[in-house]
Each structure stands twice: as C-alpha cells, then as structure tokens.
Amino acid sequence: MLGKFARIIAVAVAGSVLAVSGAGVAAAGGKGTSSTQAAAEQVLQLRDQLARAAYAGDVPATQRSLGQMSPVLGDLAAGQKYTIQSDAQQVAATGNDYATQASRVLADPSKAGEVRQLPPVPDIPDLPPPLNIVSNLLKNLLKTVTSLLASLLGSAPPLPVPVPVPVA
C-alpha cells in the first residue's frame with residue numbers, strides 16, 4: 001500500500017515538475033526548482049504525519065510534527081531558501097503562524113484562551129481529546145498546508161483523516 005502511495009506521489013511530482021518547467025512559471029516570480037520540489041514533498045510527509053498523530057490523539061507526536069513543520073513553512077514563507085510565488089509564500093506564513101500557535105497551546109494548555117479563534121473547517125472532522133482544545137487551529141493548519149501543497153505540486157493528495165473519527 002505504501003509503495004503504491006509512493007508511486008502515486010512520484011508520478012504527481014514528476015508531472016508537476018514537467019508542467020512547471022514547460023509552462024514558464026517565472027511569471028509572477030515563481031520557479032519550480034528541485035529544492036522547492038523536495039520541500040513540497042517534505043511538507044506533504046509532515047502534513048500526513050501531523051494528521052495521523054492528531055487524529056490518533058497523540059499529543060507528543062503532534063508536537064513533534066508541528067516542530068518539524070514550522071521551520072520548513074518558515075523557509076517557504078521567507079522566500080530566501082526556496083523561490084515560490086508570493087501567494088504561496090503568504091499561505092506558508094499563515095500555516096507557520098497556525099503551527100506556532102498550536103505548539104504554544106499544546107506546550108501550555110492554559111494559553112488556549114489567548115489564541116485567536118478560527119472558524120471551524122466543515123469538511124475536516126473534529127479532533128479527539130485531548131487535542132480538541134486546538135481542533136480548529138490544527139484543522140485550519142491542515143487545510144492551509146493542503147492549499148500550499150496544491151500551489152507547489154499542482155494538486156495535493158487528500159488528507160489521511162480517519163472516517164469516522166473515534167472519540168475516546
């Protein structure tokens with residue numbers, strides 16, 4: 001199953017590389033480089049890792065995933081290490097902000113009231129306890145990162161979200 005998934009990802013990445021290089025994405029300031037493609041693949045792996053950990057209710061694994069995702073999103077948002085379109089940089093910056101806020105609340109749940117409230121994401125199920133205190137924040141992060149992946153890869157595989165989500 002993982003081999004098939006990896007092949008699908010490889011085909012999608014190869015197709016997007018051909019589309020990006022063939023279409024002359026230099027307009028609007030974006031370039032598809034191999035390092036940007038590698039960053040996109042890393043973001044995809046981290047997004048899926050975060051979704052699996054969060055929906056399993058595994059707080060330490062969720063914190064690790066957020067800690068690994070933030071630097072990559074920060075690099076994409078800064079636009080210095082990776083050259084991407086400015087709208088994708090904004091999406092990366094928003095995602096990095098969500099990841100930072102979620103990490104802060106998970107490290108100290110008493111700070112949950114200090115985090116700005118985000119609207120619910122109707123197409124993504126709620127997270128189980130104890131991660132339900134940051135459910136909308138993490139769901140918006142997952143949606144934002146999926147949007148970023150669509151910008152970087154041309155399309156993004158669906159979230160690995162269990163249906164229905166078990167509630168403990």
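Asn140 counts as buried, because its relative accessibility is 11%; by buried I mean under 20% relative accessible area, with exposed being over 50% and partly exposed in between, using a 1.4 Å probe and protein chains only. Before I go on, this is a predicted model: local features need pLDDT of at least 70, side-chain atom pairs count only at pLDDT 80 or more, and totals for chains, interfaces and linings use all residues. Residues are numbered from 1 along each chain as its sequence is written, and side-chain values use heavy atoms, with hydrogens and water left out.

Back to Asn140. The residue sits in helix H5. Helices here are DSSP runs of H or I with at least four residues, strands are runs of E with at least two, and both are numbered from the N terminus. Which residues does Asn140 contact, leaving aside neighbours within four places in sequence? They are Tyr98, Leu118, Pro119 and Val121, where contact means heavy atoms within 4.5 Å.

Now the overall layout. The protein chain has five helices and zero strands, which gives the pattern α-α-α-α-α along the sequence. Of its 168 residues, 39% are buried. Among contacts with a separation of 6 or more, 67% are between residues 24 or more positions apart.

H4 covers residues 86-107 and H5 covers residues 135-153; their axes come within 9 Å and cross at roughly 155°. That angle makes H4 roughly antiparallel to H5. For reference, axes are lines fitted to C-alpha atoms, for helices over the stretch in contact, and angles run from 0 to 180 degrees between N-to-C directions. Under 35 degrees is called roughly parallel, over 145 roughly antiparallel, 65 to 115 roughly perpendicular, and the rest oblique.

The H4 and H5 crossing is left-handed, meaning that the near helix is turned anticlockwise from the far one by less than a right angle; clockwise would be right-handed. On the H4 side, the contact includes Tyr98 and Ala99, and on the H5 side it includes Asn140, Leu138 and Leu141. Sorted by class, this contact has ten nonpolar, seven polar and no charged residues. The nonpolar class is Ala, Val, Leu, Ile, Met, Phe, Trp, Tyr, Cys and Pro, the charged class is Asp, Glu, Lys and Arg, and the others, Gly among them, are polar.

How do H3 and H4 pack? Their angle is about 150° and their axes are 8 Å apart, so these two helices are also roughly antiparallel. H3 passes H4 in a left-handed crossing. Leu66, Ser70 and Leu73 are among the H3 residues in this contact, and Ala99 is one of those from H4. The classes come to twelve nonpolar, nine polar and no charged residues.

H3, residues 59-78, also packs on H5, at about 40° with the axes 13 Å apart. This angle makes H3 oblique to H5, and the crossing is again left-handed. H3 supplies Thr62, Leu66, Met69, Leu73 and Leu76, while H5 supplies Leu138, Leu141, Val145, Leu148 and Leu152. Here nine residues are nonpolar, one is polar and none is charged.

Ala99 is worth a separate slide. This residue lies in H4 and is buried, since its relative accessible area is 0%. Beyond four places in sequence, Ala99 touches Leu66, Ser70 and Leu141. Its C-alpha is 9.0 Å from that of Leu73, which is 26 residues away in sequence.

Then the core. The largest nonpolar core has 41 residues, and Leu66, Leu76, Leu138 and Leu141 touch the most other members. H2 (34-55), H3, H4 and H5 each give two or more residues to this core. A nonpolar core is a set of buried Ala, Val, Leu, Ile, Met, Phe, Trp, Tyr and Cys residues joined through side-chain atoms within 4.5 Å. Leu138 has contacts with Leu50, Ala54, Thr62, Leu66, Ala102 and Leu127, again skipping residues up to four places away.

Last item, the loop between H4 and H5, where Pro130 is found. Pro129 and Pro130 are joined by a cis peptide bond, with omega about 0°. Is Pro130 buried, exposed or partly exposed? At 46% relative accessible area, Pro130 is partly exposed. Pro130 and Gly57 are 73 residues apart in sequence, with 6.5 Å between their C-alpha atoms.
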